Amino acid sequence: MSADSTTSEKPHRNEVTMSLAEAIAIGQTMQRNGYFRDAEIIYRQILAAKPHQPDALHFLGVVLTQTGRRDEGIASIMAALEVKPDYVDAISNLGNVLHEQGLFGHAEAAYRRAIQLKPDFADAYLNLAALVFETERFEEAVVLSQRAMELGPTIPQERLDAANALAREGRHADAAEQYLRAAERDLFHAGVHENMGQSLQRLGRLDEAEKVYRRWINLDPHNPRPHHYLASCTGVDIPSRASNEFIVDVFDRFAATFDERLTALEYSAPAVVVKAVRDESGEPQSKYTVLDAGCGTGLCAAGIKPFANHLTGVDLSPKMLAKARELNLYDKLIAEELTEYLSRSPVSFDVIISADTLIYFGELATVTAAAAAALRPNGRFIFTLEQADLMDAPNGFLLASHGRYAHTESYVRTVLEQSGFEVAGITETFLRLEGSTPVKGWLAIGRKAQGREPSPVFDPTS
Ligand SMILES: C[S@@+](CC[C@H](N)C(=O)[O-])C[C@H]1O[C@@H](n2cnc3c(N)ncnc32)[C@H](O)[C@@H]1O
């Protein structure tokens with residue numbers, strides 16, 4: 001392919017000549033559809049012919065960050081901005097990359113510059129609102145989300161009807177392009193509603209938050225997130241744990257940036273859990289059969305591996321598991337709901353760890369009973385939770401506005417004991433920052449009582 005129709009050389013056989021605009025458009029279509037390597041090749045070919053072409057530099061930068069080469073990506077976007085300093089889309093994308101790295105001040109400056117250059121730039125408002133929310137400026141986040149919503153993309157029904165007609169005619173590529181735009185629009189609205197609802201909830205403006213979630217449900221009835229947040233907002237129909245759909249939706253989106261974001265938040269649950277295993281069992285001797293329940297991207301793996309002769313990870317999110325697989329530290333990785341996996345693995349493990357995962361469970365009795373049954377005699381169940389006060393959670397747990405559950409110490413003790421554990425400790429611990437506020441948690445350690453079965457009065461499903 002030659003990316004420059006102005007070339008005077010005759011194209012070789014099998015070589016297609018296209019205009020720069022066409023080459024860029026093809027690169028972008030590939031990029032949007034997830035063919036990152038192909039898009040990268042196209043942009044690099046354009047740059048071989050025109051090294052300072054700003055669009056190719058910009059889109060190459062985005063592709064590089066999408067494929068994990070962040071520093072190179074930033075350099076390429078910066079190179080685009082050197083050629084064209086007022087290139088708003090590149091400024092906004094630079095903001096996104098900096099935001100993902102937790103460089104909030106620089107990212108905010110980039111978004112604000114993009115808005116200054118293009119005051120009706122809906123995406124920049126949306127992204128700035130998300131950043132402002134993360135830095136706990138909730139009032140401002142509401143205002144920015146409102147502005148994003150006013151400016152946001154709309155797709156008239158006629159366009160969708162036209163896309164359906166294209167599909168019926170067999171013009172699938174054209175139809176797909178239209179559907180993709182519609183999906184991007186839906187993604188935009190999900191982002192705006194989530195930000196606005198969560199900000200209003202944090203401000204205690206629960207009636208307004210409820211309206212936002214209901215509007216979001218109307219627009220996107222099958223999205224599990226507004227249903228989950230609505231329950232946390234109204235306190236009605238609180239699920240006993242976050243639905244599988246909610247978990248997959250949240251963590252599949254989060255997987256690519258999880259490790260980096262959590263490092264920025266001083267995330268310490270894996271270290272806390274691994275230290276507890278060491279305190280319980282002494283120096284590592286590679287002798288335990290270990291389960292990492294809710295293993296995510298595998299942040300516990302390096303610490304726990306020296307204790308394990310066999311290490312299994314189970315998680316619902318395929319994208320989190322894909323990251324864990326890259327580490328090459330697990331002997332087995334399983335995509336399954338962890339309670340179900342525990343229930344079909346009787347007397348299989350010496351140690352079960354679960355870092356920052358049972359915060360997606362309200363009712364704990366079912367999972368603690370399943371863990372007890374999956375442990376060998378004298379096995380350990382070591383996990384973290386977020387803390388709730390008895391005053392706020394008289395029934396033992398609550399679903400907080402951010403969508404995670406928090407538990408009281410007495411509830412955790414009761415369910416562990418009723419499941420046949422001896423409670424070796426429920427101690428206060430630091431988990432991570434939320435904005436700038438430390439999140440206080442529990443480190444819970446249950447020892448499977450030798451030869452003791454769960455109490456007969458205990459019904460794990462009640
Ligand atoms: C906050 S991440 C923690 C991951 C890992 N333990 C760590 O410390 O980095 C929570 C993980 O639990 C998983 N998860 C939540 N509920 C689950 C369930 N019921 N079954 C399996 N995995 C679950 C999520 O997919 C996510 O990967």
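Let's start at a left-handed crossing, the one between helices α5 and α6. Left-handed here means that the near helix is turned anticlockwise from the far one by less than a right angle. You are looking at a predicted model, where local features need pLDDT of at least 70, side-chain atom pairs count only at pLDDT 80 or more, and totals for chains, interfaces and linings use all residues. Residues are numbered from 1 along each chain as its sequence is written, and side-chain values use heavy atoms, leaving out hydrogens and water.

**First stop: α5 and α6**

Select residues 88–100 for α5 and 104–117 for α6; their axes come within 8 Å and cross at roughly 160°. Axes are lines fitted to C-alpha atoms over the stretch in contact, with angles from 0 to 180 degrees between N-to-C directions. That angle makes α5 roughly antiparallel to α6, a label used for angles over 145 degrees. Now show the contact (heavy atoms within 4.5 Å): it includes Val88 and Ile91 of α5, and Phe104 and Tyr111 of α6.

**Second stop: α8 and α10**

Next, select residues 138–151 (α8) and 172–202 (α10), whose axes come within 9 Å and cross at roughly 150°. So α8 is roughly antiparallel to α10. α8 passes α10 in a left-handed crossing.

Note on methods:
Helix = DSSP H or I, 4+ residues; strand = E, 2+ residues; numbered from the N terminus. Parallel < 35°, antiparallel > 145°, perpendicular 65-115°, else oblique.
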